[in-house]
Amino acid sequence: IYALVATPVYQTASILKPAKIKDLDQLNSLGVYSLSPGEALTRVGAALESYEVRFDYFKNNTELFEPVILEGRSLEQNFERINRESFKVLKPDPDPKKANTFSPYVGLQLEYSKQLDGPSIVNGLIRYATDVERERLTQDLRVVIDNKLDTINRRLEVLRAGYNAEKDAKVARLSEKDTLKRLQLQDELEALRLALKTRRENRIMQLDEAITIASSLGIKKPTTPSSMGEGTRVSGSVIKTEVNNQNIPLYFMGTEALEAEKQSLLSRDNDDFTSGRIVEIAQELKLLEHNRQVEILKSRENEDLFLAELAEQYKEISRLKGLKVNMDNLKMVSVDQFAVQPASPIKPKKTMIVAVGVVLGGMLGLFAALLRSAIRKRMQPAQ
């Protein structure tokens with residue numbers, strides 16, 4: 001009777017295997033994210049085991065489970081019962097020697113009554129889990145790219161900060177060098193002018209002394225010691241000239257020449273024209289008024305052009321922003337076996353139930369017969 005009235009239970013399953021390497025080549029060729037076929041299969045398997053993924057699929061496809069949804073129970077309670085009793089993820093037995101290897105397959109098994117369309121539920125859940133994991137992969141890829149862009153932007157900021165610091169330091173060094181040079185030239189100019197002034201004053205004192213001597217000797221015109229003893233003689237076109245290696249005292253110039261030189265020295269406003277070095281210092285000070293290298297450094301508008309490393313960084317930014325992958329066409333797993341409607345239920349096993357029923361019934365009948373026979377034998381002597 002149980003074999004006839006028990007509700008038949010059917011079982012269907014779908015088996016997934018790793019995708020081919022070429023199916024993930026579009027993603028791996030980006031150079032920013034790596035996903036092996038084994039890792040992709042593991043991710044899909046984890047999604048199939050996820051309570052959240054199964055519940056979301058259940059909520060979005062309640063029409064598939066409507067025949068077994070019990071009234072008076074919440075959606076969560078109905079799902080909890082179905083999820084606990086019906087679904088099972090198939091995996092090979094783990095090998096302790098290969099703890100780091102990936103599963104060669106992942107499967108999803110469902111036990112259901114004839115009221116449900118089991119294959120549609122299983123195949124639909126696998127598609128949904130694959131889509132969920134593909135979306136998560138898309139988000140992971142976006143996060144990785146954004147993180148790389150953020151890292152490059154931070155590196156650019158460091159490069160710019162380093163460049164600005166180096167430029168400011170260079171401007172400071174050049175400015176300090178110019179300031180030091182200017183101060184040194186000004187000190188040299190001041191010292192040189194003081195020396196020229198002292199030299200002029202000393203010359204005036206020498207002229208005063210020479211004028212005094214020349215006046216006392218009555219020398220008005222330039223003369224020589226020999227000329228003073230013999231007098232100056234001019235015969236025809238011949239002029240007698242004295243040539244010797246001795247310095248002739250200044251007063252031999254005569255008072256007229258000495259007074260003239262003295263007046264000239266007293267009338268000077270400055271002595272700059274008497275030294276060629278002062279002209280050179282003035283020229284150098286004029287050049288120091290404008291440091292063209294500093295002005296060019298400060299006037300740069302697009303300073304990124306002067307950073308050699310920025311070109312590679314901008315190139316990488318452009319590459320990352322231009323990365324495009326059609327994730328909808330990304331094949332994460334290969335379906336080795338789709339879920340199909342089985343030819344017969346797995347429960348109840350009518351043949352075994354009938355056989356067990358016959359054996360147990362026979363044993364029970366035999367026991368009853370033996371018991372009845374024993375009771376009769378005990379009752380006969382009493383009669």
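**Helix, loop and ring pairs**

Reply: In this predicted model, helix α3 covers residues 37-49, has 13 residues and reaches 19 Å from its first C-alpha to its last, close to the 18 Å expected at 1.5 Å a residue.

Me: Which residues of α3 are buried, and what do they pack against?

Reply: The buried residues of α3 are Pro37, Gly38, Ala40, Leu41, Arg43, Val44, Gly45, Ala47 and Leu48. They pack against β1 (9-18), α4 (51-60), β2 (87-90), β3 (106-113), α7 (118-217) and β6 (333-337).

Me: Where does Asp23 lie, and which residues does Asp23 touch?

Reply: Asp23 lies in the loop between β1 and α2 (25-28). Leaving aside residues up to four places away in sequence, Asp23 touches Leu330 and Lys331. From Asp23 to Pro37 there are 14 residues in sequence and 8.5 Å in space, C-alpha to C-alpha.

Me: How many aromatic pairs are there, and why is the pair of Tyr51 and Phe79 called edge-to-face?

Reply: Ring centres within 6.5 Å make a pair, and by this rule the count comes to nine aromatic pairs. The centres of Tyr51 and Phe79 are 5.1 Å apart, and their planes stand at 75°. Planes over 60 degrees apart count as edge-to-face, so the pair of Tyr51 and Phe79 is edge-to-face.

Me: What makes this a pair that ties together separate parts of the sequence?

Reply: Tyr51 lies in helix α4 and Phe79 in helix α6 (residues 75-86), so the pair ties together parts that are 28 residues apart in sequence.

Me: Why is Tyr51 called partly exposed, and why is Phe79 called buried?

Reply: Buried means under 20% relative accessible area, exposed over 50%, and partly exposed in between. Tyr51 has 40% relative accessibility and therefore counts as partly exposed. Phe79 has 2% and therefore counts as buried.

Me: Why is the pair of Tyr57 and Tyr128 called tilted?

Reply: Their ring centres are 5.8 Å apart and their planes are at 45°.

Me: Are Tyr57 and Tyr128 buried or partly exposed?

Reply: Tyr57, at 4% relative accessibility, counts as buried, whereas Tyr128, at 22%, counts as partly exposed.

Me: Which residues do ring pairs link into a cluster?

Reply: The cluster linked by ring pairs holds Tyr51, Phe55, Tyr57, Phe58, Phe65, Phe79 and Tyr128.

Key
Residues are numbered from 1 along each chain as its sequence is written. This is a predicted model: local features need pLDDT of at least 70, side-chain atom pairs count only at pLDDT 80 or more; totals for chains, interfaces and linings use all residues. Side-chain values use heavy atoms; hydrogens and water are left out. Helices (H or I, at least four residues) and strands (E, at least two) are DSSP runs, numbered from the N terminus. The expected span of a helix is 1.5 Å times one less than its number of residues. Buried means under 20% relative accessible area, exposed over 50%, partly exposed in between (1.4 Å probe, protein chains only). Contact means heavy atoms within 4.5 Å. Rings of Phe, Tyr and Trp (its six-membered ring) pair if their centres lie within 6.5 Å; planes under 30 degrees apart count as stacked, over 60 as edge-to-face and the rest as tilted.
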